[in-house]
Structures are given as structure tokens and as C-alpha cells.
Amino acid sequence: MDTIEMNRKAVWTLQQWDPFHIGENAYETETADVVAYLQNIDHPSELAKRIQAIYEHSFEEWIPLEKCVDISYKLIALKYEMKCII
């Protein structure tokens, strides 16, 4: 699997997350930003802080860091799974 496939799976994972319960297609910009950061971040806590900041900036609502850590672990695991398959 390549980077495109990893990105596709990361996008799907983020869409399913739907932190504000407004519909999975409401986060296109935020999803793109998170996937871009995922390329260069390997630590779940660092990615979680980025996710929190991205969504807070866009929606002016705060997501508890624990929820961001949960999704960041899923994304980092996906990233490493894809690297192992390559």
C-alpha cells in the first residue's frame, strides 16, 4: 500500500470520528490538515494536540485532549501498519 491508500484510510477514520456529531462530511478541511500533519508526526500526543487545535480553530469548540489522543493513536497505528505492508 502506498501513501495515497494510507491517506484514504486516514480520511475515512477521521470522517467516522465526527467529534461534533454534525455529519461525517462536515470536516473536509480539518481532515486534510490532520492527514497532512500525519505524514510528519510519529508521536500520538503531538498529533492529538494538532488535531485539537485544528478542530478548535475551525469550529470554535474545544475537544477534550483524551478524545484527540484516541483518534491520534488510531491514525498513528494506521500509518505504521501501512509502512509495514510496503
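**Exercise 1. Which residue follows H1, and is its phi positive or negative?**

Solution. The model is predicted, so local features need pLDDT of at least 70, side-chain atom pairs count only at pLDDT 80 or more, and totals for chains, interfaces and linings use all residues. Residues are numbered from 1 along each chain as its sequence is written, and side-chain values use heavy atoms, without hydrogens and water.

Step 1. Start with H1. Helices are DSSP runs (H or I, at least four residues), numbered from the N terminus. H1 covers residues 3-17.

Step 2. Asp 18 follows H1, and its phi is positive, near 45°.

Step 3. Asp 18 sits in the loop between H1 and helix H2 (28-38).

Step 4. Check the background. Most residues other than glycine have a negative phi. Asp 18 is a residue other than glycine with a positive value.

**Exercise 2. Compare the burial of Asp 18 and Glu 60.**

Solution. Step 1. Set the classes. Buried means under 20% relative accessible area, exposed over 50%, and partly exposed in between (1.4 Å probe, protein chains only).

Step 1. Apply them. Asp 18 counts as buried because its relative accessibility is 14%. Glu 60 has 74%, so Glu 60 counts as exposed.

Step 2. Phi of Glu 60 is near 55°, a positive value. Glu 60 lies in the loop between helix H3 (44-59) and helix H4 (65-85).

**Exercise 3. Check the span of H1 and list its buried residues.**

Solution. Step 1. Expected span is 1.5 Å times one less than the number of residues. H1 has 15 residues, and 21 Å is expected.

Step 1. Compare. From first C-alpha to last, H1 reaches 21 Å, close to the expectation.

Step 2. List. Glu 5, Met 6, Ala 10, Thr 13, Leu 14, Gln 15 and Trp 17 are the buried residues of H1.

**Exercise 4. Describe how H1 packs on H2.**

Solution. Step 1. Take the geometry. Axes are lines fitted to C-alpha atoms, for helices over the stretch in contact, and angles run from 0 to 180 degrees between N-to-C directions. H1 and H2 pack at about 135°, with axes 10 Å apart.

Step 1. Classify. Under 35 degrees is roughly parallel, over 145 roughly antiparallel, 65 to 115 roughly perpendicular, and the rest oblique. H1 is therefore oblique to H2.

Step 2. Name the contact, which means heavy atoms within 4.5 Å. H1 contributes Met 6, Asn 7, Ala 10, Val 11 and Leu 14, and H2 contributes Thr 31, Val 34, Val 35 and Leu 38.

**Exercise 5. Which members of the largest nonpolar core touch the most other members?**

Solution. Step 1. Define the set. A nonpolar core joins buried Ala, Val, Leu, Ile, Met, Phe, Trp, Tyr and Cys residues through side-chain atoms within 4.5 Å.

Step 1. Of 22 residues, they are Leu 14, Trp 17, Ile 51, Tyr 55 and Leu 75.

Step 2. Trace the sources. H1, H2, H3 and H4 each supply at least two residues of this core. The largest share, six residues, comes from H4.

Step 3. Beyond four places in sequence, Tyr 55 touches residues including Leu 14, Trp 17, Val 34 and Glu 60.

**Exercise 6. Is Ser 72 buried or exposed?**

Solution. Step 1. Locate Ser 72 in helix H4.

Step 1. Read the area. Ser 72 counts as buried because its relative accessibility is 0%.

Step 2. Find the partners. Leaving aside neighbours within four places in sequence, Ser 72 contacts Pro 44, Leu 47, Ala 48 and Ile 51.
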